[in-house]
Structure formats: C-alpha cells, structure tokens
Amino acid sequence: MKETVLKKFAEVFGDTEGVSVYFAPGRVNMIGEHTDYNGGHVFPCALTIGTYAAARKREDDKLRFYSMNFENLGVIESSIVDLKPEKEAGWTNYPKGVMWAFEKRGFKMPGGLDIVLNGNIPNGSGLSSSASLEVLTGYLLRDLFGFDVTNVDLALIGQYSENNFNGMNCGIMDQFASAMGKKDNAIFLDTADLSYEYAPLVLEGAKIIVTNSKVKHQLVDSEYNVRRSECEKALEELQMVIGIGGLGDLSEEQFEEYKSAIKDEVRVRRAKHAVYENQRTIRAVEALKNNDIKLFGELMNASHVSLRDDYQVSCGEIDILVEEAWKIPGVVGSRITGGGFGGCTVSIVKDEAVEEFKEKIGAAYQEKTGKQADFYVVEIGDGPSKL
Ligand code: GLA
C-alpha cells in the first residue's frame, strides 16, 4: 500500500521528494454500543484495514487533496487560511476539520500540504473510515509540524472536529480505538474519564467475523443526534432524583428504582439501553478474562436485542444477518456493531462453523434482500503509524 500511494503521489503532484507515508486503522466494536456519549464503557478494537496517506509540506498556504477512493473528484484545493466546512469540499471536510481543531488548541500550521489518500475500509460499512481519516490527519500533522500532542489528544481532536466542524455528535469510541489500537487486543475504555485497559482478544477455536450488509440508511446521522439528545434529556430528568454524572453511573437496579422520573416512554427505553448496555459491557469483559466465551456471546446477543427493540438503531437487513447467525449452532454470539441503520454485524464463530456461517447467511441474505453480504475475518491491529 505504501508503494501504491507513493506512486499516485508522484503521478498527481510530480515527484515523491520529502514525502512521508502514514496509516491509521478503522475499528470494530465488540460490545458497548451507544454508551460512549453516556459516560459508559465500550470494548472496540482497531483493525488492520484503515486509511493511508502520503503527505508533504508546502511553502505556501495551499492544501491540495487527492483521494484514490474518489478519483473522479480529482485534486481538491483549499487553504489553511480561514478553514471552514463547505459542502463542495466533500470528504476533505474531515482532514480540514482536524486542522481547524488543532488551530483551536493553539497549534497553527506554518504552511500547507499536498496529500494523497487511499483507504481500504469498505465505504459506509460502519467500521469508522471517518475516524481513521481524522486520526490519520492528526498523526501526520504531529509528525510533519512537531505538534506536541499524545495519541489520546489525537482521538479527542478528531472527535472535536467531527462534532464541531462536521456536525456529527459522535462519542469518543471510534477515534480512541483508532488512535490507541493494539495488535490482538480490544480496548476496555471507560468514557466517563477515559481510563482504559487492553484485553487480549485472541480466541481459542473461534474467529471474529464482520459481516457487511452493504446497506447504509440515510437516517444514520440525523437519528444518531436524536438518540443522543434523548439520552441527555433522560439524564436531566434522572438528575432531579439522583446525583449522577451520566447514565453510565447507574446500575440496573438503580435505573429500575428511579426510571419513573423520566417522563416519556421512548426516553425510558433509550436510557434503559444505555444503562443495561454499559453493565453488559463490564460483564462481558469480565467473562472474557475468565475465558467464558459462551457468556461473552450471550451478552453480545442481548446487546443486539436491546439495540433493536429499545434503542431502535437496527434495520431489517441487519436483523436478518443477526437472526440467521443465531440459528447456526457454532455461532457464539452475533450483534449489530457501530452507529446502526445498516453497516456491519460482528459475530464470534467457532472455527468449524466459519464456512457454514458464510454460506448459510450469504444465501439467506441474498434470498431475502437480493443483496450480497461480505464477510471478513477480523485481524486486530495497532494504532496509527508512519510507514
Ligand atoms: C458511532 C459513533 C461512536 C459510537 C457508536 C455507537 O460509531 O461515532 O461514537 O457512539 O456510533 O456505539
């Protein structure tokens, strides 16, 4: 991949003198969905797929972007002066947002850049191609301009840019998983204070499989922001009766005791998901530590039911993938992963059932939706790097 982006850089910008190449990964979340903006826990891991960039500093203020994923758009030009989101800027609003967020933190770029990008995360799959692009941009700015920030800062800057430049009120999970990834480990992150620990995720006799539904419903951004405000409102209502900082502070028992403070039935269900999902995540990591994969799988299944029924972020296509998976005896657990309304499922599948999994689910999905699902055996990789 390094050679591919370098070659393209030479083609687009003339030569590769002084060019550096970088990588930042996408992520898959094992459990802990829609908990990261509720002060709860998440359990994602970085993938070995992600976004690559070849970049070089410029003497003037110009920014020139080229993406191998959108070759029809050609070179998109901009400037480091007066960075603001623009509809015509398309995907370059992500790297520009990160530059803007660095500036807000007092790190001003002394000059512009020429950048060629190439990503191998399937488009719209919910495996965080945007977070990987944000972390990649932060990583290369730090390297090229010597900005003094940590990898956790890179995650926070990426999230800040996505919230405030690109208008998506995401939590910290995706950027954190990309910036802090560790080979063969998932990250058990408490989003209330960003404390985290790594947990080895090499399963004996089983594989982690991501199934791409290849659908992305338009709802994703708007409904995501709606869910987030429903949770905020439910929290305010609960705070009238109990002193908590986030829904993640509540046990299931406390939630049941105080839930009547929430004055709307839909909000009760949203908050219930946030509280129960957080507790499931804590239990799932405990189960993993005890080598109890069976329990881990059951918690994944319960997570899906809650996301489908209470949080209502699944969709017909994803439910088919999950329900077909549940029918196969060698499937330990299966659930939707990521923001929802399409994208991917994540499943733990015993080695001997992997072929059956792909065949049966592929066929049932094709029959019921007319679409072809894609399957990837997950390889857990490291965070960003200079190649
Ligand atoms: C998206 C967001 C994350 C997280 C997940 C749901 O991926 O970017 O912050 O909220 O949805 O768990």
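1. A pocket, on a 1 Å grid over the protein atoms alone, is an open set of points where a 1.4 Å probe fits, with protein on both sides within 12 Å along at least five of seven lines; lining residues have an atom within 4 Å of a point. Grid points are joined across faces, edges and corners, and a volume is the space filled by probe spheres set on the points. On these terms, the second largest pocket has a volume of about 200 Å³.

2. The model is predicted: local features need pLDDT of at least 70, side-chain atom pairs count only at pLDDT 80 or more, and totals for chains, interfaces and linings use all residues. Residues are numbered from 1 along each chain as its sequence is written, and side-chain values use heavy atoms, with hydrogens and water left out.

3. The lining of the second largest pocket includes Lys 183, Asp 184, Leu 201, Ala 206, Lys 207, Ile 208, Val 377 and Glu 379. By class, eight of the lining residues are nonpolar, none is polar and four are charged (Ala, Val, Leu, Ile, Met, Phe, Trp, Tyr, Cys and Pro count as nonpolar, Asp, Glu, Lys and Arg as charged, and the others, Gly among them, as polar). Strand E9 (residues 206-216) gives the largest share of this lining, three residues. Helices (H or I, at least four residues) and strands (E, at least two) are DSSP runs, numbered from the N terminus.

4. E9 also belongs to an open sheet of four strands, ordered E10-E11-E9-E12 with antiparallel pairing (two strands pair if DSSP finds at least two bridges between them). At the edges are E10 and strand E12 (374-377), each of which pairs on one side only. From one strand to the next, the twist averages 20 degrees. E9 and E12 are antiparallel and joined by four bridges, and Asn 212 stands opposite Asp 374 in E12. Helix H9 (residues 293-309) packs on the sheet and touches E10 and E11, its direction making about 35 degrees with that of E10. Contact means heavy atoms within 4.5 Å; axes are lines fitted to C-alpha atoms, for helices over the stretch in contact, and angles run from 0 to 180 degrees between N-to-C directions.

5. Strand E10 (residues 331-337) has seven of its seven residues buried, so it is largely enclosed by the rest of the structure. Buried means under 20% relative accessible area, exposed over 50%, and partly exposed in between (1.4 Å probe, protein chains only). Six bridges join E10 to the antiparallel strand E11 (residues 342-350), with Ser 334 opposite Ser 347. The two strands form a hairpin with four residues between them, and Gly 338 in the turn has a positive phi of about 90 degrees.

6. Another open sheet has three strands in the order E2-E7-E8, with antiparallel pairing. Strands E2 (41-42) and E8 (195-200) are at its edges, each with a single partner strand, so one side of each is left without a neighbour in the sheet. Six bridges join E7 (residues 185-190) to E8, and Phe 188 stands opposite Glu 197 in E8. Helix H5 (residues 173-180) packs on this sheet, touching E2, E7 and E8, with its direction at about 135 degrees to that of E7.

7. Gln 175 lies in helix H5 and is buried, with a relative accessible area of 1%. Leaving aside neighbours within four places in sequence, its contacts include Ala 131, Val 135, Gln 159 and Cys 170.

8. Gly 146, in the loop between helix H3 (129-145) and helix H4 (151-164), counts as exposed at 56% relative accessibility.
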